Amino acid sequence: MRRNARRRAYPAVAGVMSMHELSIMGNILDIVLDHAARAHAKRISRINLEVGELSDLLPDWMQTYFDFVSRDTIADRAELTIAKVPAVLRCRVCRREFTMTRDSWQFFCPDCDSADIEIVTGREFKIISIEVD
């Protein structure tokens with residue numbers, strides 16, 4: 001098992017992949033490899049994630065980046081299953097909760113028009129479970 005395979009230099013993708021997303025998926029790889037090693041797993045087949053709607057990570061790209069960083073590890077070819085968490089905002093004035101989509105980007109209350117808004121959900125990025133063999 002090449003646990004530190006992702007620490008290699010990535011000259012073939014310089015300028016193509018975002019280093020931010022590559023780093024995030026490298027961190028996910030480190031976490032799942034650690035848990036798999038503790039379970040004496042021989043292979044990681046699936047990683048179930050929860051990702052908030054306000055995240056700038058896109059599922060297709062996440063899988064692409066993960067495939068790249070997990071090459072030559074027990075997580076090679078593992079499938080990412082991504083559950084999107086909706087963005088729920090709350091008005092601090094009238095306490096109304098409402099959802100927001102990437103299309104609307106509505107940062108004001110639909111009831112009282114206040115811009116005093118807090119994010120309740122939508123920023124999550126969690127590993128929910130790991131399926132191993």
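I take helices (H or I, at least four residues) and strands (E, at least two) as DSSP runs, numbered from the N terminus. I am working on a predicted model, where local features need pLDDT of at least 70, side-chain atom pairs count only at pLDDT 80 or more, and totals for chains, interfaces and linings use all residues. Residues are numbered from 1 along each chain as its sequence is written, and side-chain values use heavy atoms, with hydrogens and water left out.

**Entry 1: glutamate 21**

I looked up glutamate 21 and found it in helix H1. Is glutamate 21 buried or exposed? I use buried for under 20% relative accessible area, exposed for over 50%, and partly exposed for in between (1.4 Å probe, protein chains only). Glutamate 21 counts as buried because its relative accessibility is 12%. I then listed its contacts (heavy atoms within 4.5 Å). Leaving out residues up to four places away in sequence, glutamate 21 touches Asp56, Leu57 and Tyr65.

**Entry 2: nonpolar cores**

For a nonpolar core I take a set of buried Ala, Val, Leu, Ile, Met, Phe, Trp, Tyr and Cys residues joined through side-chain atoms within 4.5 Å. Which residues of the largest core touch the most other members? They are Met25, Ile44, Ile47 and Phe66, out of 23 residues. Helix H1 (19-38), strand S1 (44-52) and H2 are the elements that give two or more residues to this core. H1 supplies the largest share, 8 residues. Not counting residues up to four places away in sequence, it touches Met25, Ile28, Leu29, Ile47, Ala75, Ala78 and Leu80. I also noted a second, separate core of 8 residues, with Leu54, Ala87, Cys91 and Met100 among them. In soluble globular proteins, nonpolar side chains tend to be buried together.

**Entry 3: isoleucine 74**

I placed isoleucine 74 in the loop between helix H2 (59-69) and strand S2 (79-85). Its relative accessible area is 14%, so isoleucine 74 is buried. I checked its C-alpha atom against that of leucine 33 and got a separation of 7.6 Å.

**Entry 4: salt bridges**

I count a salt bridge when a side-chain nitrogen of Lys or Arg is within 4 Å of a carboxyl oxygen of Asp or Glu. How many salt bridges does the structure hold? The total is 10. Side chains of opposite charge can pair when their charged atoms come close.

I began with arginine 90, which is buried at 18% relative accessibility. Arginine 90 pairs with glutamate 97, the closest N and O atoms being 2.7 Å apart. Glutamate 97 is partly exposed at 41%. Arginine 90 also bridges to glutamate 118 (3.2 Å, N to O). That pair links distant parts of the chain, 28 residues apart: arginine 90 is in strand S3 (residues 87-91) and glutamate 118 in strand S5 (residues 117-121). Glutamate 118 is partly exposed, with a relative accessible area of 21%. I noted a network of salt bridges linking Arg90, Arg95, Glu97 and Glu118.

My last pair was arginine 96 with aspartate 111, a salt bridge at 2.8 Å, N to O. Arginine 96 is in the loop between S3 and strand S4 (97-100), and aspartate 111 is in the loop between S4 and S5, 15 residues apart. Arginine 96 is partly exposed at 31%, while aspartate 111 counts as exposed at 52%.
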